[in-house]
Amino acid sequence: MKKEENEILDIVKKVLDDNKAEDIIVIDLTGKTSLANQMVVASGTSNRHVAAIADKLMETLKKAGYKATIEGEDKADWVLIDAFDVIVHIFRPEVREFYNLEKMWQAISEKRK
């Protein structure tokens with residue numbers, strides 16, 4: 001894992017943990033897709049919680065000198081933060097259960113080993 005990627009992943013995990021995100025899962029996608037090397041999936045307890053976690057993560061990444069893009073913050077059912085080598089999905093629990101991204105990506109990851 002590259003130094004920058006490792007630093008971004010550490011920031012993501014710390015911010016999610018510090019802001020009480022639930023069910024945090026990190027999926028290693030290295031060599032499996034060109035989208036990113038790491039995917040992080042987490043849940044917030046409500047739209048407000050999801051939005052607050054996403055805002056704090058964007059703020060922390062910016063302060064650390066990393067650029068990232070964000071989508072979905074208006075509704076905050078599902079917020080996607082793309083920090084290039086690390087993609088973060090923050091869901092409300094019901095939305096996460098419906099889409100079940102981690103199951104899909106873990107299955108893809110297993111098939112391509």
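Which residue in β5 does Ala83 stand opposite? Val86. The views below start from that pair.

The model is predicted: local features need pLDDT of at least 70, side-chain atom pairs count only at pLDDT 80 or more, and totals for chains, interfaces and linings use all residues. Residues are numbered from 1 along each chain as its sequence is written, and side-chain values use heavy atoms, with hydrogens and water left out.

View 1. Strand β4 spans residues 78–83 and strand β5 residues 86–91. Strands are DSSP runs of E with at least two residues, helices are runs of H or I with at least four, and both are numbered from the N terminus. The pairing of β4 with β5 is antiparallel, over six bridges; two strands pair if DSSP finds at least two bridges between them. Two residues lie between the strands, and Phe84 takes a positive phi near 70°.

**View 2. The two faces of β4.** In a regular strand the side chains alternate between the two faces of the sheet. Val79, Ile81 and Ala83 point to one face of β4 and are buried. Buried means under 20% relative accessible area, exposed over 50%, and partly exposed in between (1.4 Å probe, protein chains only).

**View 3. The hairpin of β3 and β4.** These strands pair in the antiparallel sense over three bridges. Thr69 faces Asp82 in β4 as its opposite residue. Six residues separate the strands, and Gly72 in the turn has a positive phi of about 90°.

**View 4. The open sheet.** Five strands follow the order β1-β2-β5-β4-β3, with mixed pairing. β1 (22–28) and β3 (69–71) are the edge strands; each has a single partner strand, so one side of each lacks a neighbour in the sheet. Neighbouring strands are turned by 15° against each other on average, direction ignored. Axes are lines fitted to C-alpha atoms, for helices over the stretch in contact, and angles run from 0 to 180 degrees between N-to-C directions.

**View 5. Helix α2 across the sheet.** α2 (residues 47–63) lies across β2 (38–43), β3, β4 and β5. It runs at about 10° to β4. Contact means heavy atoms within 4.5 Å.

View 6. Residues 3–18 form α1. Glu5, Ile8, Leu9, Ile11, Val12, Val15 and Leu16 are buried there. Their arc around the axis is only 160°, which puts them on the same side of α1; the arc is that of the directions from the helix axis to the C-beta atoms. Their cover includes β1, β2, α2, β4 and β5. Exposed Lys3, Lys14 and Asp17 sit on the face turned away from the buried side.

How values were computed: The expected span of a helix is 1.5 Å times one less than its number of residues.
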